[in-house]
Amino acid sequence: MKTILKFWLMVATLVAATSCDNGFEDLNTNKIGVTGINPVFMLNDAVTFTALPLGTVIYDVGIMQQIVTPNSGILTGANFNLDNRTATQELWQRYYRNTIRNTVSVINQVANDPTRTNLLQMARILKAFAFMVMTDTYGDVPYSEAGKGFIDQIVLPRYDPQETIYKEIIRELTEASAALDATKPTESADILYIGDVTKWRKLGYSLLLRAGMRLSLVAPELAAQTVKLAFEKGVFQSNGDNFMILHNANFLNPIGNGLNATEANNFFLAAPFVTHLKTTADPRLKAIAVRYVGATSGPQMVPSRGSTDPEVQIGMPLGYDNNTISGPVAASKLASFYDYSQVDRNRMVKLQSPSFLVTYAQTQLLLAEAAQRNWIAGSAATFYEQGIRAHMEQMALYDAACAVPPAATTTYLAANPLVPAKALEQINTQYWIASFLNGPETFANFRRSGFPALPPNPFPGKGIKGNFINRLTYPNSELSVNSGNLNEAVSRQGPDDLDTKVWWHK
């Protein structure tokens, strides 16, 4: 009897266990949880994070003498020609953690998917853009092993020589631009060009033009060949092609956010920039600048004091801190240093202003130089005028109140024609203006071309040996975690300081 009872107890237990297990997998599966991410959304994340951080104003824009602060501490940088790795690391961390990581992941995910071939090429183009910014800024950087922490568990990537990186950038842009195909599935969820293959192709070739021009002194034959190819294949044709990030309440312009928040009363338009715009009667000054006349403190920088009249704009001179600036303030009979002009925080750098990264205006000016060098067919003067006109038209895209009247553009062009004997200086000085707020690009083109002809920042306590900062320093995080690979790059490139020149800087 006991044996029979034990048998039926075992059967009951098994039946109960089987009943409990029935549907267990179904029950414990989250039917609404994300199990995979559409790679186009990863590309979108990569795109949004190309918008430049405030650290580029502290360094790149400051080096280019367009915006400056007299204050030290966390704002120390180009204003004093000193190293501040809290600021120099901002671009590194933003691009490697977001844009580069995501583009590498997209490429890895869709490389063998014939239905996503256009997405693959878009990611290659964006990746090339990001690496151009990184290597131009720092020199030798992780490239071939970058962004592969999750994919290949490479958490300490080696640094590649800039010459190698540039050759790869040129190859990637050439191949990816050519491989884009409108007959294959497009990516309508793409936030940059809504999957428009033609616009992506023009971006790829416009970047190829930029890469070629960057090598104009260090590798002129490769530069000329690259520029010619880009021009013949088709670059940007209007402001409608611009690579620009449109910001909204959920994703604020990083520079605008900084200049409207903690640093609202700390940054001012620099004297060399304002003086150039005033002496050439450039109508863009009215679109860019505001001066809070008579302000003696930050709280007094209010709209009722604000003037956009070009005649009253006064740029802050370089070479002073917040104590010694009192000398120039008194000499100019200003109320305080808060009385200097700023980039207008209610128009050009408002919270939702767009970020411009590659533009039709820049592209036309590069073509003007290429034509001047006889690398492409066409009139340098025509490209030059089209570049200036394009940037003046671009101003309205920041804010309707920034619009430059067409008649003012025509007057300016008539008064500032291209003079062959000074063509390279004129073209690259216009590039300086047309790239305002795009610090990394302005800084890179200045080192390449030598223009505009800026006087060195005369701050007496500078931390550099030469006249200008030549590159930004690597982040402390790399020094502490990836020091072996960093030190190899330093042994090849030169000291990790602000004086060392990158490969193409001759």
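Biologist: Let's start with Gln65. Is Gln65 buried or exposed?
Modeller: Gln65 is buried in this predicted model. Its relative accessible area is 2%, and the cut-off for buried is under 20%.

Biologist: Where is the place of Gln65?
Modeller: Gln65 sits in the loop between α4 (55-63) and β1 (67-68).

Biologist: What is the phi of Gln65?
Modeller: It is positive, about 55°. Gln65 has that phi although it is not a glycine.

Biologist: Now Ile194. What about its phi?
Modeller: Ile194 has a positive phi of about 55° and is not a glycine either. You'll find Ile194 in the loop between α7 and α8.

Biologist: Is Ile194 buried or exposed?
Modeller: Exposed. Ile194 has a relative accessible area of 56%, and exposed means over 50%.

Biologist: Switching to the whole chain. How many helices and strands are there?
Modeller: The chain has 20 helices and 9 strands.

Biologist: And what does the C-alpha trace span?
Modeller: About 115 × 55 × 50 Å along its principal axes.

Biologist: What share of the residues is buried?
Modeller: Buried residues are 56% of the 506 in the chain.

Biologist: How about contacts across the sequence?
Modeller: Take contacts between residues at least 6 apart in sequence. Of those, 76% join residues at least 24 apart.

Biologist: Leaving aside its neighbours within four places, what is Leu43 in contact with?
Modeller: Thr103, Val106, Leu119, Met122, Ala123, Leu126 and Trp200.

Biologist: How many residues apart in sequence are Leu43 and Val104?
Modeller: They are 61 residues apart in sequence. In space, their C-alpha atoms are 9.5 Å apart.

Biologist: Which residues of α3 and α6 meet?
Modeller: On the α3 side, Pro39, Val40, Leu43, Ala46 and Val47. On the α6 side, Leu119, Met122, Ala123 and Leu126. The residues of that contact are 9 nonpolar, no polar and no charged.

Biologist: How do the two helices cross?
Modeller: The axes of α3 (residues 39-48) and α6 (residues 117-138) come within 11 Å and cross at roughly 20°. The crossing is left-handed.

Biologist: Why do α3 and α6 count as roughly parallel?
Modeller: Because their axes cross at roughly 20°, and angles under 35 degrees count as roughly parallel.

Biologist: On to α9. How far apart are its end C-alpha atoms?
Modeller: They are 20 Å apart. Helix α9 has 14 residues, 220-233, and at 1.5 Å a residue it should span 20 Å, so the two agree.

Biologist: Which residues in α9 are buried?
Modeller: Ala223, Ala224, Thr226, Val227 and Ala230.

Biologist: What covers the buried residues of α9?
Modeller: The cover includes α7 (162-179), α8 (197-214) and α14 (360-372).

Biologist: What comes just after α9?
Modeller: Gly234, with a positive phi of about 115°.

Biologist: Last topic. Which residues does a cis peptide bond join?
Modeller: Phe451 and Pro452, with omega at about 5°. Pro452 lies in the loop between α18 (439-449) and α19 (476-481).

Methods: Residues are numbered from 1 along each chain as its sequence is written. This is a predicted model: local features need pLDDT of at least 70, side-chain atom pairs count only at pLDDT 80 or more; totals for chains, interfaces and linings use all residues. Side-chain values use heavy atoms; hydrogens and water are left out. Helices (H or I, at least four residues) and strands (E, at least two) are DSSP runs, numbered from the N terminus. The expected span of a helix is 1.5 Å times one less than its number of residues. Buried means under 20% relative accessible area, exposed over 50%, partly exposed in between (1.4 Å probe, protein chains only). Contact means heavy atoms within 4.5 Å. Axes are lines fitted to C-alpha atoms, for helices over the stretch in contact, and angles run from 0 to 180 degrees between N-to-C directions. Angles under 35 degrees count as roughly parallel, over 145 as roughly antiparallel, 65 to 115 as roughly perpendicular and the rest as oblique. A crossing is left-handed if the near helix is turned anticlockwise from the far one by less than a right angle, and right-handed if clockwise. Ala, Val, Leu, Ile, Met, Phe, Trp, Tyr, Cys and Pro count as nonpolar, Asp, Glu, Lys and Arg as charged, and the others, Gly among them, as polar.
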